[in-house]
Amino acid sequence: MIEVKSTEKPDERRDFPRGHVELCHLSALTFAVATFEPGWRWTESLRQIAGTDSCQVHHHAYMASGRMRIRMDDGAESEIGPGDVFDCPAGHDAWVVGDEPAVVFDFSGQMSDYAKAEGV
């Protein structure tokens with residue numbers, strides 16, 4: 001069976017401080033389009049929602065626009081920008097660099113609980 005969904009009509013949208021994520025749920029994948037506004041930082045916007053000190057999602061993603069800096073729990077850092085494909089293991093903080101929103105397409109399949117408050 002072939003499943004097709006449009007990011008123009010996501011199944012779900014989750015809003016959080018300075019950003020949101022739109023989700024398309026398929027049988028074997030939850031695809032996410034995340035938009036992070038200037039000033040967004042994971043530890044400030046999502047730590048309380050996630051209940052962890054750092055992001056515990058392993059991302060397989062494509063940076064469509066904007067720039068982000070990622071710092072791993074071990075201190076390693078990298079900056080990603082438009083056109084970059086990246087694999088970011090669990091255990092990181094991230095923030096928007098500059099004054100342009102960062103838009104990320106996440107293919108990890110691990111986004112079904114991202115930015116989802118407990119009990120919701």
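Predicted model: local features only at pLDDT ≥ 70, side-chain atom pairs only at ≥ 80, totals over all residues.
**Stop 1: the core.** Select Val 21, Phe 36, Trp 40, Met 68, Phe 86 and Tyr 114. These residues have the most contacts inside the largest nonpolar core, which has 26 residues. To see where the core draws its members from, colour strands β2 (19–26), β3 (29–36), β4 (59–65), β5 (67–72), β7 (85–88), β8 (92–97) and β9 (102–106); each gives two or more residues to the core. In soluble globular proteins, nonpolar side chains tend to be buried together.

**Stop 2: Tyr 114.** Keep Tyr 114 on screen and show its surroundings, leaving out neighbours within four places in sequence. Tyr 114 is then in contact with Val 21, Phe 36 and Trp 40, among others.

Stop 3: Select β5, β6 and β8. They form an open sheet of 3 strands in the order β6-β5-β8, with antiparallel pairing. The edge strands are β6 (77–80) and β8, each of which pairs on one side only. From one strand to the next, the twist averages 20 degrees. Now zoom in on β5 and β8, whose antiparallel pairing runs over 6 bridges. Within this region, Arg 69 stands opposite Trp 95 in β8.

**Stop 4: Asp 93.** Stay on strand β8 and select Asp 93, which lies in it. Is Asp 93 buried or exposed? Its relative accessible area is 9%, and buried means under 20%, so Asp 93 counts as buried. Next, show the backbone of Thr 43: its nitrogen lies 3.2 Å from a polar atom of the Asp 93 side chain. Leaving aside neighbours within four places in sequence, Asp 93 is in contact with Arg 41, Trp 42 and Thr 43, and also with Arg 69, Ile 70 and Arg 71.

**Stop 5: Arg 13.** Move to strand β1 (residues 12–16) and select Arg 13. With a relative accessible area of 45%, Arg 13 is partly exposed. Which side chains make polar contacts with that of Arg 13? One is the side chain of Asp 15, at 2.9 Å; another is the side chain of His 20, at 3.3 Å. Not counting residues up to four places away in sequence, Arg 13 touches His 20, Val 21 and Glu 22. Finally, draw a C-alpha to C-alpha distance from Arg 13 to Cys 24: the two are 9.3 Å apart in space and 11 residues apart in sequence.

Terms used: Residues numbered from 1 in each chain as written. Heavy atoms only, no water. Core = buried A, V, L, I, M, F, W, Y, C linked by side-chain atoms within 4.5 Å. Buried < 20%, exposed > 50% of the residue type's maximum accessible area, 1.4 Å probe, protein only. Helix = DSSP H or I, 4+ residues; strand = E, 2+ residues; numbered from the N terminus. Contact = heavy atoms within 4.5 Å. Polar contact = N/O pair within 3.5 Å; in protein donor to acceptor, adjacent residues only side chain to side chain. Pairing = 2+ DSSP bridges. Axes fitted to C-alpha atoms, helices over the stretch in contact; angles between N-to-C directions.
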